[in-house]
Amino acid sequence: MELTADSDLLPHTEGGCDQCLGALTIDGDQGATKSGHYIIAHFSKFVVPGSVRVNTNLPENLSNVAFKTSEGGTVMAVINTANTSQNFNIELADKTYTTSLGAGDVATYIFED
């Protein structure tokens, strides 16, 4: 994720994401917080220092990322990019959790081990 960008989402760090939203958009002398700002703020509450990203699958319309925390728990954030509600399962440690997200919704799932 780029920390700042202009309204065209530029510039990009070499080798970095070319579609990422900045936390702050700056155009000339005007600045505004964008969704990236809130994503960073949200993640910093749940993905604590020492957390390690773990592998997940990427079902269509359900972008996600998961971390094993330094305390031994698991944190997973999911966004439904579809125009309709999506039902899905989260499989973790031989357990299956069934849930759903409305169109455009984002959720953070916290599992204590």
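Among contacts in the protein chain between residues at least 6 apart in sequence, what percentage join residues at least 24 apart? In this predicted model, the figure is 21%.

## Overall organisation

Of its 113 residues, 27% are buried. The accessible surface amounts to about 7600 Å², and carbon and sulfur atoms account for 52% of that area.

Strand β9 spans residues 106–111, and its side chains alternate between two faces.

Strand β6 (residues 74–80) runs antiparallel to β9, and six bridges join the two. Within this pairing, I79 has V106 of β9 as its bridge partner.

## Aromatic pairs

Two aromatic pairs are present in the structure. In one of them, the ring centres of F88 and Y109 lie 6.2 Å apart; the planes meet at 85°, so the pair is edge-to-face. F88 belongs to strand β7 (residues 86–92) and Y109 to strand β9, so that this pair links parts of the chain 21 residues apart. F88 is buried at 11% relative accessibility, and Y109 is buried with a relative accessible area of 14%.

The rings of Y97 and F111 also pair, with centres 4.8 Å apart and planes at 45°, an arrangement classed as tilted. Here Y97 in strand β8 (residues 95–101) is linked to F111 in strand β9, 14 residues apart. Y97 is partly exposed, at 32% relative accessible area, while F111 is buried, at 11%.

Terms used. Residues numbered from 1 in each chain as written. Predicted model: local features only at pLDDT ≥ 70, side-chain atom pairs only at ≥ 80, totals over all residues. Heavy atoms only, no water. Buried < 20%, exposed > 50% of the residue type's maximum accessible area, 1.4 Å probe, protein only. Helix = DSSP H or I, 4+ residues; strand = E, 2+ residues; numbered from the N terminus. Pairing = 2+ DSSP bridges. Contact = heavy atoms within 4.5 Å. Areas by Shrake-Rupley, 256 points an atom, 1.4 Å probe, with all protein chains shown as cover. Phe/Tyr/Trp six-rings, centres within 6.5 Å; stacked < 30°, edge-to-face > 60°.
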